[in-house]
Amino acid sequence: MIPNKTARKAAQYLRDFVRANTGEWAEMMRGTNPKQGYGNGQDAADAHEAAMFLYHETDGRFLSFEIPGEYASGEHLLSALEGFEGDLDLYEGRLREHMVAAAATDTTLPGTVAIVFRELEKARYAADHVMKMLSRGRQTSTADEAMDVLRRIATRFPDVVAQMEKRRADKKRMHSAPLAMTNEYDVQYLFQALLRLEFADVRPEEAMPSTAGGSARADTLLKEAGTIVEFKMTRDRYDGVALRKEVADDFVIYAKHPDCKRMFVFVYDPTKNIANPRGVEADLSVPRPPISEVVTFIQQG
């Protein structure tokens with residue numbers, strides 16, 4: 001979902017652009033009419049048709065609109081712009097064919113063809129810019145939502161563990177064992193199962209680019225959110241110092257992954273080996289470019 005703030009900002013840019021150019025496009029539409037004497041071939045006719053499209057389409061759809069209103073949301077506006085660019089492809093393609101043919105035969109084109117083509121390109125640049133604004137907003141929103149989900153799962157993780165440890169024995173299988181957290185692989189197994197309730201694309205053991213001649217794997221990649229999730233569990237002689245070193249090593253490895261824009265480190269510390277967990281969280285929750293956001297969550301419950 002594209003945040004409303006992003007959608008409104010993109011909409012304002014698009015309205016401003018169209019308002020700044022609509023007068024010129026109206027003149028261009030009238031001036032490229034073959035009846036004005038700027039050629040009477042198919043090339044001149046196509047240039048005039050493209051000019052009419054550019055003026056009428058932008059005037060009718062993008063000169064004055066609101067969100068919500070003419071477009072219900074940022075996603076609705078993005079879809080409209082994708083359709084607009086599809087039409088631009090058609091008209092630009094026709095004019096480009098005329099220009100290529102004229103160059104190949106050393107024929108002089110009506111000047112209106114180049115004029116209209118240039119304005120179509122200008123409109124495309126603006127549409128591309130607005131679409132990128134909307135797309136970046138959607139990606140940021142998805143990543144923010146992912147971080148919220150990860151925090152929620154991490155907060156409730158001890159409750160889930162407690163429930164699994166109290167699993168009632170089956171009457172026919174009196175020795176059915178509960179699920180216990182004995183190492184970080186158990187933590188990873190359970191956390192990933194909970195992630196699948198919220199995310200369609202959960203990729204365990206994601207391969208990392210080689211570093212210093214070696215290879216490694218991330219515990220989990222949430223590709224759509226551009227987020228890598230790493231799991232730790234304290235054990236004997238594992239404290240805040242050991243955690244800092246491991247996370248520092250993770251940064252070196254994960255920074256090279258093209259999908260790692262954010263990183264969530266979940267540390268399960270039921271034995272409370274880590275002193276001052278909030279302080280350690282703060283120290284390790286600092287962006288490490290190109291990783292734009294790092295969240296370290298230590299759960300001692």
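1. How many cavities of 30 Å³ or more does a search of the whole structure find? The search finds 1. A cavity here is a set of points on a 1 Å grid over the protein atoms alone, where a 1.4 Å probe fits but cannot get out. The largest cavity has a volume of about 50 Å³, taken as the space filled by probe spheres set on the points.

2. A word on the basis. This is a predicted model, in which local features need pLDDT of at least 70, side-chain atom pairs count only at pLDDT 80 or more, and totals for chains, interfaces and linings use all residues. Residues are numbered from 1 along each chain as its sequence is written, and side-chain values use heavy atoms, with hydrogens and water left out.

3. The lining of the largest cavity includes Leu 14, Phe 17, Trp 25 and Thr 58. Lining residues have an atom within 4 Å of a point. Helix H1 (4–31) and helix H4 (111–165) each give two or more residues. H1 gives the most, with 4. The lining has 9 nonpolar residues, 1 polar and no charged.

4. The structure holds 15 aromatic pairs (ring centres of Phe, Tyr or Trp, its six-membered ring, within 6.5 Å). Phe 65 and Tyr 71 have ring centres 5.2 Å apart and planes at 90 degrees, so they are edge-to-face (over 60 degrees). Phe 65 is buried at 1% relative accessible area (buried means under 20%, with a 1.4 Å probe, protein chains only).

5. Phe 157 and Phe 266 are also edge-to-face, at 5.1 Å and 65 degrees. Both Phe 157 and Phe 266 are buried.

Methods:
1 Å grid on protein atoms, 1.4 Å probe; cavity = no way out; pocket = protein on both sides within 12 Å on 5 of 7 lines; lining within 4 Å. Nonpolar A, V, L, I, M, F, W, Y, C, P; charged D, E, K, R; others polar. Phe/Tyr/Trp six-rings, centres within 6.5 Å; stacked < 30°, edge-to-face > 60°. Buried < 20%, exposed > 50% of the residue type's maximum accessible area, 1.4 Å probe, protein only.
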